[in-house]
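Hi everyone, thanks for coming. I'd like to walk you through one protein model today, going from a single residue out to the whole chain. Have a look at it first.

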Amino acid sequence: MTCSPVQSQRALSFSLVVLTTLIALVFCGWGSCVFADKVETHLSIGTDPADPGENLPFTVKGILTDAEGTVMGNKKVSLERLEENDPESEYEFLAVATTDIEGAYSFFRPAASPPEYLRVRYNGNSQFEGTISEIVSGHISKELKVKTGIIPQVAKSKTKVTAKASPSNPFPGQAVSIGGQLMGENGAPLAGKKVICEASDRVGTRSDFSILGISTTDEKGFFKFTASGGSTTTFIQVRFPGDDEYDESVSELILIL
């Protein structure tokens, strides 16, 4: 039995239709070719310390999770800033970080950073929706401003920081304990105040010193730090950055050979 040219053409057309349909089914999951909705995400945010005041260094940190609360590791997130004195501007990019296996991220903000509002952004990808965290403040004054825009000046009390190293003459590589006390102008101990231990390899400006640690004074105003020993001469000082009531003060330099 032979087929006419018309029948052959119809058979070929039918075969092409069937083949195209099979290919489409294979690539689309046998009829389930539907674009899945992206998974929603969430960014928590906070600062450490919780209240960095107007001049303490602090860390912005949080966790990236999906809608079910599952942590999302190895994802890029970015820190954005809006300066307090320019509220009409847009948030600007500051830095990028990668979340760890627990979904956590962190960004360090130095003591010299300006008054600012901060947030963290995740741009998302083909599987996850992007998201933006809530806003936290850094170095924003808690004092109310009068209508003139001038903050009333309040006389602050003077302070004094004493500090010394133990042992005073450590051998190279030996750990050193830095202890001392924060006092008011009348010699009364100041409890619950944050002090900063700083170190430098030379006597210079404040920018030459890097932060070794931050501690809170106890009920008698005492504090303590531990510094790892090194092989070079190190200058150490302890600084109280001041607050709404008390002036800034810095201890005498401690020389560690």
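Let's start at Arg119, which counts as buried because its relative accessibility is 17%; by buried I mean under 20% relative accessible area, with exposed over 50% and partly exposed in between, using a 1.4 Å probe and protein chains only. Before I go on, a word on what you're looking at: this is a predicted model, where local features need pLDDT of at least 70, side-chain atom pairs count only at pLDDT 80 or more, and totals for chains, interfaces and linings use all residues. Residues are numbered from 1 along each chain as its sequence is written, and side-chain values use heavy atoms, with hydrogens and water left out.

Back to our arginine. Arg119 is found in strand β7; strands here are DSSP runs of E with at least two residues, helices are runs of H or I with at least four, and both are numbered from the N terminus. What does the side chain of Arg119 make a polar contact with? The partner is the side chain of Glu80, at 2.7 Å. A polar contact, for us, is a pair of N or O atoms within 3.5 Å; within protein, one must be able to donate a hydrogen and the other to accept it, and residues adjacent in sequence count only if both atoms are side-chain atoms. Beyond its neighbours within four places in sequence, Arg119 is in contact with residues including Ile45, Ser78, Tyr91, Ile132 and Glu134, where contact means heavy atoms within 4.5 Å.

Let's follow one of those. Ser78 sits in strand β4, residues 76-83, and is buried, with a relative accessible area of 10%. With neighbours within four places in sequence set aside, Ser78 touches Phe93, Ala95, Val96, Phe107, Arg119, Val120 and Arg121.

Now for the charged pairs. How many salt bridges does a search of the whole structure find? The count is 9, taking a salt bridge as a side-chain nitrogen of Lys or Arg within 4 Å of a carboxyl oxygen of Asp or Glu. One of them pairs Arg81 with Glu116, their closest N and O atoms being 3.5 Å apart. Arg81 is in strand β4 and Glu116 in strand β7 (residues 116-122), so this pair ties together parts 35 residues apart in sequence. Are these two buried or exposed? Arg81 is buried, at 13% relative accessible area, and Glu116 is buried too, at 0%. Glu116 also meets Arg109 in a salt bridge, 3.0 Å from N to O, and Arg109 is buried at 11%.

Elsewhere, Glu248 and Arg239 form a salt bridge at 3.4 Å, N to O. Here Arg239 counts as buried, at 2% relative accessibility, whereas Glu248 is partly exposed, at 40%. Through shared partners, salt bridges join Arg81, Glu92, Arg109 and Glu116 into one network.

On to the nonpolar side. A nonpolar core is a set of buried Ala, Val, Leu, Ile, Met, Phe, Trp, Tyr and Cys residues joined through side-chain atoms within 4.5 Å. The largest one has 18 residues, and those with the most contacts inside it are Ile178, Val195, Phe225, Ile236 and Val238. Strands β10, β11, β12, β14, β15 and β17 each give two or more residues to this core. Apart from it lies another core, of 15 residues, with Leu79, Phe107, Leu118 and Val120 among them.

Strand β12 (residues 194-200) also holds Lys194, which is partly exposed at 28% relative accessibility. The side chains of Lys194 and Thr216 make a polar contact at 3.5 Å. The C-alpha atoms of these two are separated by 4.4 Å, although the residues are 22 apart along the chain.

Finally, the overall picture. The protein has 1 helix and 17 strands, and buried residues make up 33% of its 257 residues. Of the contacts between residues at least 6 apart in sequence, 59% join residues at least 24 apart. The protein exposes about 16300 Å², with carbon and sulfur atoms supplying 55% of that; these areas come from the Shrake-Rupley method with a 1.4 Å probe, and for residues only the protein chains shown count as cover. That's my tour, and I'm happy to take questions.
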